[in-house]
Amino acid sequence: VTAIAARRSEWERVVAGQSRFARLLDIHPEVVGNLLFVRFEFSTGDASGHNMATQAAEALMGAILAVCPELDYGSISGNYCIDKKPSAVNGILGRGRRTIADIFIPDEVIAKRLRSDAHRIAELNYRKNWVGSTLAGAVRSANAHYANMLLAVYLATGQDAANIVEGSQGFTHVEEREGGLYVSCTLPHLIVGTVGNGKDLPGIEAVMERMDLADRSRPAGENSRRLAAMIAATVLCGELSLLAAQTNPGELMHAHRKFERGGAPAPVRRTK
């Protein structure tokens with residue numbers, strides 16, 4: 001481990017030689033018995049970086065094995081990455097984009113548009129997203145349904161849809177405040193890109209143009225940051241909608257029947 005860390009500048013050159021945009025940011029080693037796990041942290045520009053990171057890691061492993069003959073090749077991935085699986089380490093060390101969206105909603109808007117009130121939404125968020133998720137054994141996650149919004153945007157923009165597994169880990173935080181409600185959604189590891197595999201398909205390309213994510217004159221990484229921000233905002237809207245609906249008995253099922261099955265009895269409305 002010490003020998004690997006001592007050659008940091010050498011490893012940076014190896015990575016930079018693999019791509020115009022790949023950059024080595026950090027190395028996180030872990031030892032279990034006689035097994036060495038090395039988690040490489042890269043910057044990948046506007047790409048989500050799956051292939052870029054794999055190619056850079058392959059080159060790094062070859063260079064490391066050349067100067068550390070006491071080591072043997074194990075696998076290009078030892079699951080310490082950790083890709084497409086729920087984990088704690090991605091939230092701690094970071095992976096992809098760490099994105100936060102927040103909003104303050106006045107009481108009158110909550111009453112008119114969400115048909116609820118600040119106290120009921122805040123109380124439900126605590127009981128459902130924090131207590132309920134803890135009871136279920138959720139891993140670094142307290143939200144209502146991030147995966148629903150993530151999958152919709154991922155499919156529309158040509159992302160690797162399997163990354164909604166780690167992307168759906170996140171936190172919905174709600175505070176009842178004077179005159180309204182503060183709501184934030186934190187997505188600690190959002191894996192997205194605006195270039196790369198599948199992004200040149202006609203349908204995806206049109207979506208990227210429409211979302212103003214195809215401007216190549218922007219600095220590397222800016223378009224993917226913009227996409228991450230849009231996704232976080234979409235997730236926030238979805239969380240608000242569902243939480244508000246679930247403060248009213250029957251409303252969630254009524255909405256599903258109305259839009260999926262063409263009609264349903266009106267839901268029960270709660271009043272103060």
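This is a predicted model: local features need pLDDT of at least 70, side-chain atom pairs count only at pLDDT 80 or more; totals for chains, interfaces and linings use all residues.
**View 1. Asp 212 sits in the loop between helix H9 (202-210) and helix H10 (222-246).** Phi of Asp 212 is near 60°, which is a positive value in a residue other than glycine. Most residues other than glycine have a negative phi.

**View 2. Arg 115 is another residue other than glycine with a positive phi, here near 55°.** Look for Arg 115 in the loop between helix H5 (107-114) and helix H6 (118-136). With a relative accessible area of 38%, Arg 115 is partly exposed.

**View 3. Cys 81 and Ile 82 are joined by a cis peptide bond.** The omega angle here is about -5°. Most peptide bonds are trans. Ile 82 belongs to the loop between H3 and H4. Keep an eye on Cys 81, too: this residue is among those nearest the centre of the largest pocket.

**View 4. Asp 83 and Arg 95 pair up in a salt bridge.** Their closest N and O atoms are 3.1 Å apart. Asp 83 lies in the loop between helix H3 (50-67) and helix H4 (89-93), while Arg 95 is in the loop between H4 and strand E3 (97-106), so this pair ties together parts that are 12 residues apart in sequence. Are the two partners buried or exposed? Asp 83 counts as buried, because its relative accessibility of 17% falls under the 20% cut-off. Arg 95, at 19%, counts as buried as well.

**View 5. Asp 26 and Arg 8 meet through their side chains in a salt bridge.** The N to O distance is 4.0 Å. What does this pair tie together? Asp 26 is part of strand E1 (residues 23-32) and Arg 8 is part of helix H2 (residues 8-16), so the bridge connects parts that are 18 residues apart in sequence. Asp 26 is partly exposed, with a relative accessible area of 29%. Arg 8 also counts as partly exposed, at 27% relative accessibility.

**View 6. Glu 10 and Arg 7 form a salt bridge at 2.8 Å, N to O.** Side chains of opposite charge can pair when their charged atoms come close. Glu 10 counts as partly exposed at 25% relative accessibility, and Arg 7 gets the partly exposed label at 34%. How many salt bridges does the structure hold? The count is 14.

**View 7. Val 1, Val 31 and Leu 36 make up a nonpolar patch on the surface.** Together, these three residues have about 230 Å² of accessible area. Val 1 comes from the segment before helix H1 (2-6). With a relative accessible area of 48%, Val 1 is partly exposed.

**View 8. The largest pocket has a volume of about 1500 Å³.** Rolling a probe the size of a water molecule over the atoms shows where empty space is left. The lining of this pocket is made of 50 residues, and Val 38, Arg 39, Phe 40, Ala 57 and Cys 81 lie nearest its centre. Which element gives the most to the lining of the largest pocket? That is E2, with 9 residues. E1, strand E2 (35-43) and H3 each supply at least two residues of the lining. Sorted by class, the lining has 25 nonpolar, 17 polar and 8 charged residues.

**View 9. The second largest pocket has a volume of about 490 Å³.** Ala 47, Ser 48, Val 195, Gly 196 and Asn 197 are the closest to its centre, out of 24 residues that line the second largest pocket. H3 provides the largest share of this lining, with 3 residues. By class, the lining of the second largest pocket divides into 6 nonpolar, 11 polar and 7 charged residues.

Technical notes: Residues are numbered from 1 along each chain as its sequence is written. Side-chain values use heavy atoms; hydrogens and water are left out. Buried means under 20% relative accessible area, exposed over 50%, partly exposed in between (1.4 Å probe, protein chains only). Helices (H or I, at least four residues) and strands (E, at least two) are DSSP runs, numbered from the N terminus. Patches are made of residues with over 30% relative accessible area and no salt bridge: like charges are joined within 9 Å, nonpolar side chains (Val, Leu, Ile, Met, Phe, Trp, Tyr) within 5 Å. Accessible areas come from the Shrake-Rupley method with a 1.4 Å probe; for residues, only the protein chains shown count as cover. On a 1 Å grid over the protein atoms alone, a cavity is a set of points where a 1.4 Å probe fits but cannot get out, and a pocket is an open set with protein on both sides within 12 Å along at least five of seven lines; lining residues have an atom within 4 Å of a point. Grid points are joined across faces, edges and corners, and a volume is the space filled by probe spheres set on the points. Ala, Val, Leu, Ile, Met, Phe, Trp, Tyr, Cys and Pro count as nonpolar, Asp, Glu, Lys and Arg as charged, and the others, Gly among them, as polar.
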